Amino acid sequence: STTTATEVVTTTVPEDTPTTLVGDEPGTPPPVIEDDEPEPKVLYEINRWSSEDTSGWAAAAQWKTVDGMLVTDGTSDSFAVAPVDLTDYPDYVIECEVQIIDPEETDVFLMARMINGVGYRCGFDASAARMRICYDTDKIRSVPFVLDDKWHTYRLEVRGNMLKLFFEQAEVVRAMSNRALEPGTVGIYCENGQINIRSFRVIAL
């Protein structure tokens, strides 16, 4: 019989020899990590209102401007409509920074998909101490809520037939409704008191 010997060759790399990884060669740019999340499309944004008028907002006489804010004087209940064309955007987010001067008396609602002044009203109902989602004056869903007189950010998402209301980035109530599916207009409604608004924006979904 014949026996064949296999020679094993071992190569030793000196300890001071640097190890080069793929992509670490001199002059090689770092790998690009693509972000699949698109940038949000802001359809309208205002952080300071004109001192001379309401900066294009459709509003009655009780809406005024002071120190760059849009405010109500509390003489009557009404809404103000933002100057944004939503024809091609039925799904969107409304974000608004609001201060209610007397949260025990004053209601404040974000308004979405309004047509001829009728649409969704979503926000704080002081008389019942609840956060509500309504269609016009018809109550759809609500949860108990206690509010103070500090500045707070409200966020309303309307997507298809689903509405979600957020308070300081936390979801507080949601509802499904087929009452309004067209883009309509957006704005803010105040009842029984005075409010200050220092920012308002609309983002496409």
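This is a predicted model: local features need pLDDT of at least 70, side-chain atom pairs count only at pLDDT 80 or more; totals for chains, interfaces and linings use all residues.
Local features here need pLDDT of at least 70 and side-chain atom pairs count only at pLDDT 80 or more, while totals for chains, interfaces and linings use all residues. Residues are numbered from 1 along each chain as its sequence is written, and side-chain values use heavy atoms, with hydrogens and water left out.

**Fold**

Let's start with the overall layout. The protein has 14 strands and zero helices; both are DSSP runs numbered from the N terminus, with helices being H or I of at least four residues and strands E of at least two. Of its 205 residues, 40% count as buried, where buried means under 20% relative accessible area, exposed means over 50%, and partly exposed lies in between (1.4 Å probe, protein chains only). Among contacts with a separation of 6 or more, 59% join residues 24 or more positions apart; a contact means heavy atoms within 4.5 Å.

**Nonpolar cores**

In soluble globular proteins, nonpolar side chains tend to be buried together. A nonpolar core is taken here as a set of buried Ala, Val, Leu, Ile, Met, Phe, Trp, Tyr and Cys residues joined through side-chain atoms within 4.5 Å. The largest such core holds 43 residues, and W57, I188 and F200 touch the most other members. Strand β5 (residues 92–100) gives the most to this core, with five residues. A second, separate core has five residues, including V81, F109, M114 and Y189.

What does F200 contact beyond its neighbours within four places in sequence? Its partners include Y44, W49, W57, I94, C96 and V186. One of these partners of F200, C96, counts as buried because its relative accessibility is 1%. C190 is buried too, at 3% relative accessibility. A search of the whole structure finds zero disulfides, a disulfide being a pair of cysteine sulfur atoms within 2.5 Å.

C190 also turns up in the surroundings of T72, which touches Q62, W63, C190, G193, Q194 and I195, not counting residues up to four places away in sequence. T72 lies in strand β3 (residues 69–72) and is buried, with a relative accessible area of 6%.

**Cavity and pocket**

Rolling a probe the size of a water molecule over the atoms shows where empty space is left. On a 1 Å grid over the protein atoms alone, a cavity is a set of points where a 1.4 Å probe fits but cannot get out, and a pocket is an open set with protein on both sides within 12 Å along at least five of seven lines; lining residues have an atom within 4 Å of a point. Grid points are joined across faces, edges and corners, and a volume is the space filled by probe spheres set on the points. The count comes to one cavity of 30 Å³ or more.

| Space | Volume | Lining residues |
|---|---|---|
| Largest cavity | about 30 Å³ | seven nonpolar, one polar, no charged |
| Largest pocket | about 180 Å³ | three nonpolar, two polar, seven charged |

In these tallies, Ala, Val, Leu, Ile, Met, Phe, Trp, Tyr, Cys and Pro are nonpolar, Asp, Glu, Lys and Arg are charged, and the others, Gly among them, are polar.

Residues V98, V108, F109, L110, C122, G123, Y154 and I188 line the largest cavity. Strand β6 supplies the largest share of that lining, three residues. Around the largest pocket sit D107, F109, R121, D125, S127, R132, C134, D136, T137, K139, Y189 and E191. Strands β6, β7, β8 (130–135) and β13 (185–191) each give two or more residues to this pocket lining.
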